[in-house]
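Subject: Structure handover

Hi there,

Here is the structure I promised to send over. Have a look at it first, and then read on for what turned up when I went through it.

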Amino acid sequence: MSELTEISSLLSAIISPIVLISGVGLILLTLTNRLGRAIDRTRTLVLAIKQGNETICNPRKQLAILYRRCLLLRSSMVALSFSTLFACLIIICLFILHFFHISTTAWIFVFFGCSIISVLISVVLFIYDLILNLHAVSFDVRLVCDELSDTESMRELSQTVAH
């Protein structure tokens, strides 16, 4: 019965890093989709610039913003990948602690701290991406507002976007 208790204790300790890995995987999926959309939009803008399409407002500025967004999303994904790596190292340390009775407690705390810091960095980069995304959309909104400036609601929207 003691062996069952030890295995049960080990599995309980391993659950937290596994849940962290699952959550990070879902966030990575979201970031991958956002990166794909940013890359697709970048390709569309590059094609529009090559063809001299005049209907897109400030395509070069939008392209610069999209490129920065792609870099931010990539960095956010790298930070989350490191978080997963640290969570895996926690699991390995728990196994070493359990099976070889070598104290890895300090390493577990270090890896856990690094994992959480990596998630924090990723979230900050993600928030900055959201800000840049809204900034890029404001170019299109301004263009529509300029074209439809005869209506009162469009003027209000244009003033809101200008600020």
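**The loop between α2 and α3**

Histidine 101 is exposed, with a relative accessible area of 67%. Its place is in the loop between α2 and α3. I start with this residue because most residues other than glycine have a negative phi. Histidine 101, which is not a glycine, has a positive phi of about 55°.

Isoleucine 102 belongs to the loop between α2 and α3 as well. With a relative accessibility of 46%, isoleucine 102 counts as partly exposed. Setting aside neighbours within four places in sequence, isoleucine 102 is in contact with Ile96 and Leu97.

**Overall picture and confidence**

Please keep in mind that this is a predicted model. The protein has 4 helices and 0 strands, and along the sequence the pattern reads α-α-α-α. Of its 163 residues, 31% count as buried. Among contacts with a separation of 6 or more, 70% are between residues 24 or more positions apart.

The average pLDDT is 87, and 87% of the residues score at least 70. Confidence is highest in α2, at a mean of 94, and lowest in helix α4 (residues 152-162), at a mean of 60. Where pLDDT is low, the predicted coordinates should not be read in detail. I would keep that in mind when you look at helix α4, where the mean is 60.

**The salt bridges**

How many salt bridges does a search of the whole structure find? There are 2, and Arg34, Arg69 and Asp129 are linked by them in a network.

Take the pair of aspartate 129 and arginine 34 to begin with: their closest N and O atoms are 2.8 Å apart. Aspartate 129 sits in helix α3 and arginine 34 in helix α1, so this pair ties together parts that are 95 residues apart in sequence. Are these two residues buried or exposed? Both aspartate 129 and arginine 34 are buried.

The other salt bridge joins arginine 69 to aspartate 129, with the closest N and O atoms 2.5 Å apart. Here arginine 69 lies in helix α2 and aspartate 129 in helix α3, so the parts tied together are 60 residues apart in sequence. Buried means under 20% relative accessible area, so arginine 69, at 6% relative accessibility, counts as buried. Aspartate 129 is buried too, with a relative accessible area of 0%.

**The largest pocket**

The largest pocket has a volume of about 200 Å³. Which elements give two or more residues to its lining? They are α1 (2-51), α2 (59-100) and α3 (105-147).

The lining consists of Arg34, Arg37, Ala38, Arg41, Gln62, Leu66, Arg69, Asn133, Ala136, Val137 and Asp140. By type, these residues divide into 4 nonpolar, 2 polar and 5 charged. Arg34 and Arg69 are among the lining residues, and both are also in the salt-bridge network with Asp129.

**Two more residues to look at**

Cysteine 70 lies in helix α2. This cysteine is buried, with a relative accessible area of 14%. Beyond its neighbours within four places in sequence, cysteine 70 is in contact with Leu35, Ala38, Ile39 and Thr42. Of these, Ala38 is also listed in the lining of the largest pocket. Where does aspartate 129 stand relative to cysteine 70? The two are 59 residues apart in sequence and 8.5 Å apart in space, C-alpha to C-alpha.

Isoleucine 15 is found in helix α1. At 47% relative accessibility, isoleucine 15 counts as partly exposed. Its C-alpha atom is separated by 9.1 Å from the C-alpha atom of isoleucine 91, a residue 76 positions away along the chain.

That is what I have for now. Happy to go through any of this with you.

Best wishes

Methods. Residues are numbered from 1 along each chain as its sequence is written. This is a predicted model: local features need pLDDT of at least 70, side-chain atom pairs count only at pLDDT 80 or more; totals for chains, interfaces and linings use all residues. Side-chain values use heavy atoms; hydrogens and water are left out. On a 1 Å grid over the protein atoms alone, a cavity is a set of points where a 1.4 Å probe fits but cannot get out, and a pocket is an open set with protein on both sides within 12 Å along at least five of seven lines; lining residues have an atom within 4 Å of a point. Grid points are joined across faces, edges and corners, and a volume is the space filled by probe spheres set on the points. Ala, Val, Leu, Ile, Met, Phe, Trp, Tyr, Cys and Pro count as nonpolar, Asp, Glu, Lys and Arg as charged, and the others, Gly among them, as polar. A salt bridge is a side-chain nitrogen of Lys or Arg within 4 Å of a carboxyl oxygen of Asp or Glu. Buried means under 20% relative accessible area, exposed over 50%, partly exposed in between (1.4 Å probe, protein chains only). pLDDT is the predictor's confidence in each residue, from 0 to 100. Contact means heavy atoms within 4.5 Å.
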